[in-house]
Amino acid sequence: MSTNSPDNDKSVDLTRREALGVAAGALLMATSTSDAQAVQGPASAFTLPPLPYADNALEPVISAQTLSFHYGKHHRGYVDNLNKLVAGTAFAGQSLEQIIAATSGKADHVGTYNNAAQIWNHTFYWRSLKPAGGGEPPEALKARIVASFGSVDACRKELAAAAAGQFGSGWAWLVEDGGKLAVVKTGNADSPLTKGQKPLLTIDVWEHAYYLDYQNRRADHVSALIDKLLNWEFALDNLGKRS
Ligand SMILES: [Fe+2]
């Protein structure tokens, strides 16, 4: 199970609170809307977090068209789906991480898990990118990368290989696992959170992330993303700098 609970991981907690500022709202909804629901219908507990940049900020690697569909249709769709799935259930009012932990591997909650994890993954993904990103990681992160991979370039290559090599839809991640940094890949909506790993950054390799811009050339998309958009500072924030 995950060790990354909001209570014991300050940096990831900050990221989660910042990116997924819905748990408090969900709790509020769960405790105060029984009358309102009778009038207005089910409460919309989860909301789509704002993008940290403009739709065209990641061009030319990710076009404004791709970003607007990816965020405005796909990410929003997961939010809408989850709200429908949890309405009136024990999951209403829980945080995304609580729902992910409770539904992971549960055959009767596949839809809830997939939508909750996809909301979390996408919010984390937007923060994993930034305009004029890429380049060299900050020194504190660089030291950890060199200790685990031998060099920053080796880390980049492993991340690119995982992203390009993930069969079908999924995600490539830089994580901290057992005190070391590692690259892992997950299929579909799956998350390192359920494996006791601390996510540091991620790359979405679902086709909707790149197909309008790169068609089937996923490896080219991943290479450009790592070189020009990767937000190493976000990874360092998640690492907690002193862990
Ligand atoms: Fe996506």
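Colleague: Where is the place of D177?

Modeller: D177 sits in strand β1. Keep in mind that this is a predicted model.

Colleague: What does D177 touch, leaving out residues up to four places away in sequence?

Modeller: D177 touches A182 and Q197. There is also a C-alpha separation of 7.4 Å between D177 and G196. Those two are 19 residues apart along the chain.

Colleague: OK, zoom out to the sheet. In what order do the strands run?

Modeller: The order is β2-β1-β3, in an open sheet of three strands. The pairing is antiparallel. β2 (180-187) and β3 are the edge strands, each pairing on one side only. On average, neighbouring strands are turned by 25 degrees against each other, direction ignored.

Colleague: And how many bridges join β1 and β3?

Modeller: Six, in the antiparallel sense, with β1 covering residues 170-177. W171 stands opposite D204 in β3.

Colleague: Which helix packs on the sheet?

Modeller: Helix α6, residues 110-128, packs on the sheet. α6 touches β1 and β3. Its direction makes about 85 degrees with that of β3.

Colleague: How many of the residues in β3 are buried?

Modeller: Seven of its seven residues, so β3 is mostly covered.

Colleague: Switching to helices. Which residues of α10 are buried?

Modeller: H221, V222, L225 and I226 are buried in α10, which spans residues 218-228. Seen down the helix axis, the buried residues of α10 fall within an arc of 125 degrees, so they line one face.

Colleague: What covers the buried residues of α10?

Modeller: The cover includes α8 (152-165), β3 (198-204) and α9 (211-214).

Colleague: How about α11, how many of its residues are buried?

Modeller: Seven of eight, in a helix that covers residues 232-239. That is why α11 is largely enclosed by the rest of the structure. The buried ones are W232, F234, A235, L236, D237, N238 and L239. Just after α11, G240 takes a positive phi of about 85 degrees.

Colleague: Big picture now. How many helices and strands in the protein chain?

Modeller: There are 11 helices and three strands. From the N terminus, the elements run α-α-α-α-α-α-α-α-β-β-β-α-α-α. The chain has 243 residues, and 40% of them count as buried.

Colleague: Among contacts between residues at least 6 apart in sequence, what share join residues at least 24 apart?

Modeller: That share is 68%.

Colleague: What about confidence? What does pLDDT average over the protein chain?

Modeller: The average is 85, and 81% of the residues score at least 70.

Colleague: Where does pLDDT stay under 50?

Modeller: Over residues 1-43. The model has 54 contacts beyond four places in sequence for that stretch. Where pLDDT is low, the predicted coordinates should not be read in detail.

Conventions. Residues are numbered from 1 along each chain as its sequence is written. This is a predicted model: local features need pLDDT of at least 70, side-chain atom pairs count only at pLDDT 80 or more; totals for chains, interfaces and linings use all residues. A residue is buried if 20 or more other C-beta atoms lie within 10 Å of its own, exposed if 12 or fewer, and partly exposed in between; C-beta atoms are placed from the backbone. Helices (H or I, at least four residues) and strands (E, at least two) are DSSP runs, numbered from the N terminus. The arc is that of the directions from the helix axis to the C-beta atoms. Two residues are in contact if their C-beta atoms, placed from the backbone, lie within 7 Å. Two strands pair if DSSP finds at least two bridges between them. Axes are lines fitted to C-alpha atoms, for helices over the stretch in contact, and angles run from 0 to 180 degrees between N-to-C directions. pLDDT is the predictor's confidence in each residue, from 0 to 100.
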